[in-house]
Amino acid sequence: MILPVLHDGPAAEVDADVLAVFVAKGEDGVQPGADATQLGETLGLDLAAECKALGCDGGAGSVARIPTRGGIAARLLLIVGLGSDPDVHALRKAAGTAARKTEKDGRLALVVPSDLVARADGPARAQAVAEGAGLGAYAYTAYRSKDHDQPSPSGLAIVPGLELSGELEAAVATAAVLVEVTCLARDLVNTPPAQKRPPQLAERIAELAREAGVAVTVLDTEALEEGRFGGILGVGRGSSAPPRLVELVYEPDQATGHVALIGKGITFDSGGLSLKPSGSMVTMKCDMSGAAAVAAAVLACERLQVKTKVTGLLALAENMPSGDATRVSDVLTHRDGTTVEVMNTDAEGRLVMADALAYAAESEPDAMIDVATLTGAQIVALGESISALMGTDDDLVAELEAAAEATGERLWRLPLPEDYADALKSSVADLKNIGRKGEAGTIVAGLFLKAFTAERPWAHLDIAGPAFSERDDGALVGKGGTGVPVRTLLRYLQSRG
Ligand code: BES
Ligand code: ZN
Ligand code: ZN
């Protein structure tokens, strides 16, 4: 991972291989801002004419590569389009495009446009450029054995393009932290499932927590039995690698409140005895994305000066079939005593989350937010880039919506109608773990979780689609783990003051 750093000095002198500047799309051709125009003048070029000749119209995703022939320190000038009505989201994306298009070119420097993005101040623009470049530059290289096969720029400098201020420096520093932990979540998701079975993943996260000064407790099989975590144990029992519950606690001095974050951490979801077809298993190393996001968020709290106490609970298990796996029609008893008849072992996420939610509620936090790749139905309803949001507390839901609006990680609220919970009635136990096939699967799963929240203020994010991308969007997100919704969780925690 390459983190953005702030450069102090004029753009023409920055020591980099590529200098990227942004342009908007105008009525006829590109519309360069003040900084781009000035660089053009330094190089003796009419930028608008140059872009036209090179087929760059300033639209989102369009670029032009212009050799500088010694006119400025960087050897290449990259013009990057923002589209016709640029906002910070367009700027973040365009910075990602710049990083992606220059991954083989060495060190990249990006000029924060001083005037092109209306309705945003300098620090917000600098943060968007730094975030976008850092996220776009990400590549998962842990298993590439050949050096030449290692994409991504080798440096990222953010050139202010405006007067350097403390606020601007803080904005780039914030972006660097957000990039670092989002990429950590991506790394965890991209790790092959044999290398992140629950005990190993728990240990990896515990080590990062110790380094970050976050208190960590790992509950092993014995502790889970002692604590009556029947859901986590029931899902994990088919695997030769036992389940774990990881508890992370960030507690600042004079904390202003307490938020619990709960993440689904199925390190591989084969479906269990209700085995998935092999095609549906291909992406199932991503089924711990909720836990990865929660861990990444808690690890960043101190550096982002979050004022609230934050508990992170990661419910880790591997869902496998075996001679001792949980059977269809078995009954599990959860942490809070609720019994559940398992009518489909592939609906395992809600079983591990039920225990973790019930446990979280015991400490009576002011808010509980869970994050889970819970249902394939979420992808049917909202697709691969909009997460489903549900919740029992309208203020909490609104705060999460506002946070997501700021980060560009899209989400959409679904209702939790009480009568839909009838589908979860069991003739044997308190509940069963599936509803009626093809009927509001995402909502019904949300209602199942709600039964374990002890009526605390609670919100639920189903990220089944957004957690993992099967396409490279050429800007912020490559193939694999996306790191959603790390930035939104952190924005929310910061906004709590
Ligand atoms: N991990 C899956 C959900 C999922 C699907 C995540 C696709 C990411 C991409 C979850 O455990 C699951 O299998 N859910 C079942 C529930 C059903 C059996 C009620 C599903 O959605 O099919
Ligand atoms: Zn499943
Ligand atoms: Zn799953």
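## The largest pocket

In this predicted model, the largest pocket holds about 990 Å³ of space. A pocket is an open set of points on a 1 Å grid over the protein atoms alone, with protein on both sides within 12 Å along at least five of seven lines. Its volume is the space filled by probe spheres set on the points, which are joined across faces, edges and corners.

Which residues lie nearest the centre of the largest pocket? They are K276, L374, T375, G376 and A377, out of 36 lining residues. A lining residue has an atom within 4 Å of a point. The elements that give two or more residues to this lining are β10 (258-269), α12 (376-382) and α14 (441-450). The largest share, three residues, comes from α12. Helices (H or I, at least four residues) and strands (E, at least two) are DSSP runs, numbered from the N terminus.

## The cavity

The structure holds one cavity of 30 Å³ or more. A cavity is a set of grid points where a 1.4 Å probe fits but cannot get out. The volume of the largest cavity is about 80 Å³. It is lined by 14 residues. G234, V235, N319, T326 and T345 lie nearest its centre.

## Charges

The count of salt bridges is 25. Each is a side-chain nitrogen of Lys or Arg within 4 Å of a carboxyl oxygen of Asp or Glu. One of them joins R65 and D105, with the closest N and O atoms 3.2 Å apart. R65 lies in strand β4 (residues 63-67) and D105 in the loop between α3 (88-101) and β6 (107-111), so the pair ties together parts 40 residues apart in sequence.

On the surface, D220, E222, E225 and E226 gather in a patch of negative charge. Patch residues have over 30% relative accessible area (Shrake-Rupley method, 1.4 Å probe) and no salt bridge, with like charges joined within 9 Å. E225 lies in helix α7 (residues 221-226).

Most residues other than glycine have a negative phi, and most peptide bonds are trans. R119 is not a glycine, yet its phi is positive, about 55°. R119 sits in the loop between β6 and α4 (122-136).

A cis peptide bond joins V484 and P485, with omega about 0°. P485 is in the loop between β20 (480-481) and α15 (486-495).

## How to read the values

Residues are numbered from 1 along each chain as its sequence is written, while chains are lettered from A and ligands numbered from 1 in the order in which they are written. Local features need pLDDT of at least 70, side-chain atom pairs count only at pLDDT 80 or more, and totals for chains, interfaces and linings use all residues, while side-chain values use heavy atoms, leaving out hydrogens and water.

Definitions and conventions: Patch = residues over 30% accessible without salt bridge, like charges linked within 9 Å, V, L, I, M, F, W, Y side chains within 5 Å. Lys, Arg positive; Asp, Glu negative; His and termini not counted. Charge placed at Lys NZ, Arg CZ, Asp CG, Glu CD.
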